[in-house]
Amino acid sequence: MYGEIFAGVGRDPADEIDAVFSDNVTQDPVMVRDIPFFSMCEHHLLPFFGHAHLVYVPDRHIAGISKIARALDTASRRLQVQERLTAQLADAVLSRVEPLAVACRLEAEHMCMSMRGVHKPGHRVVTTAVRLATNSSANGSGSAVAPRDLLDMLGH
Ligand SMILES: Nc1nc2c(ncn2[C@@H]2O[C@H](COP(=O)(O)OP(=O)(O)OP(=O)(O)O)[C@@H](O)[C@H]2O)c(=O)[nH]1
């Protein structure tokens, strides 16, 4: 059982993104919503779980969509904090798909806050990560979608 829960230990989430396509790519945003994930709080050894949403603006490549979910699984199946998990997913897409911009948002309930401690079942922790290509025009002056637009699409 623990082999499955911690199957991401020692693996690079980016390596899951092994399918990218380069034909007829346009710089229109691609969004994947409501990807479920389960992870383990590194402070309490209790689960946190929820959904991930990710949007990116392709440059020359698009990702095989399942590979984004696979990268999320690899990053979540280990001891984690939600902020780092969010960043690792965005970084994996940035490094392998080389988009103009990528943003992701995770919403989760942490069992360490629900079943013990402060006892707040039903709470939701929301984290976001935004990454821009170093040569991106997505910083506001160019024609690409701005980071604020990406976060709006994610429903922050
Ligand atoms: N961007 C994009 N990817 C797609 C679409 N339809 C299928 N794919 C992805 O194309 C990829 C093909 O990857 P492969 O590794 O060759 O196929 P696979 O072994 O079935 O991959 P898994 O679904 O990850 O098991 C997968 O990531 C699919 O999710 C689509 O319409 N758009």
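1. Ground rules. Numbering starts at 1 along each chain as its sequence is written. Since this is a predicted model, local features need pLDDT of at least 70 and side-chain atom pairs count only at pLDDT 80 or more, while totals for chains, interfaces and linings use all residues.

2. You'll find an open sheet of 5 strands in the order 5-2-3-6-7, with mixed pairing. Strand 5 (79–80) and strand 7 (125–132) sit at the edges with a single partner strand each, so one side of each has no neighbour in the sheet. Helices (H or I, at least four residues) and strands (E, at least two) are DSSP runs, numbered from the N terminus; two strands pair if DSSP finds at least two bridges between them.

3. Strands 2 and 3. Strand 2 (residues 30–41) runs antiparallel to strand 3 (residues 47–57), and the two pair over 9 bridges. One detail to look up: Met40 has Pro47 of strand 3 as its bridge partner.

4. Helices on the sheet. Helix 2 (residues 65–76) packs on the sheet, touching strand 2, strand 3 and strand 5, and its direction makes about 20 degrees with that of strand 2. Helix 5 (residues 147–154) lies across strand 2, strand 3, strand 6 (101–110) and strand 7, at about 35 degrees to strand 6. Axes are lines fitted to C-alpha atoms, for helices over the stretch in contact, with angles from 0 to 180 degrees between N-to-C directions.

5. Leu54. This strand 3 residue counts as buried because it has 28 C-beta neighbours inside 10 Å; the cut-offs are 20 or more for buried, 12 or fewer for exposed, and partly exposed in between, with C-beta atoms placed from the backbone.

6. The ligand. Around the ligand are Ala19, Ile62, Ala63, Gly64, Ile65, Ser66, Lys67 and Arg70, where the cut-off is a C-beta atom, placed from the backbone, within 6 Å. Helix 2 gives the most to this shell, with 4 residues. Ala63 is also in contact with Val93.

Methods. Contact = placed C-beta atoms within 7 Å. Lists of a residue's contacts leave out its neighbours within four places in sequence.
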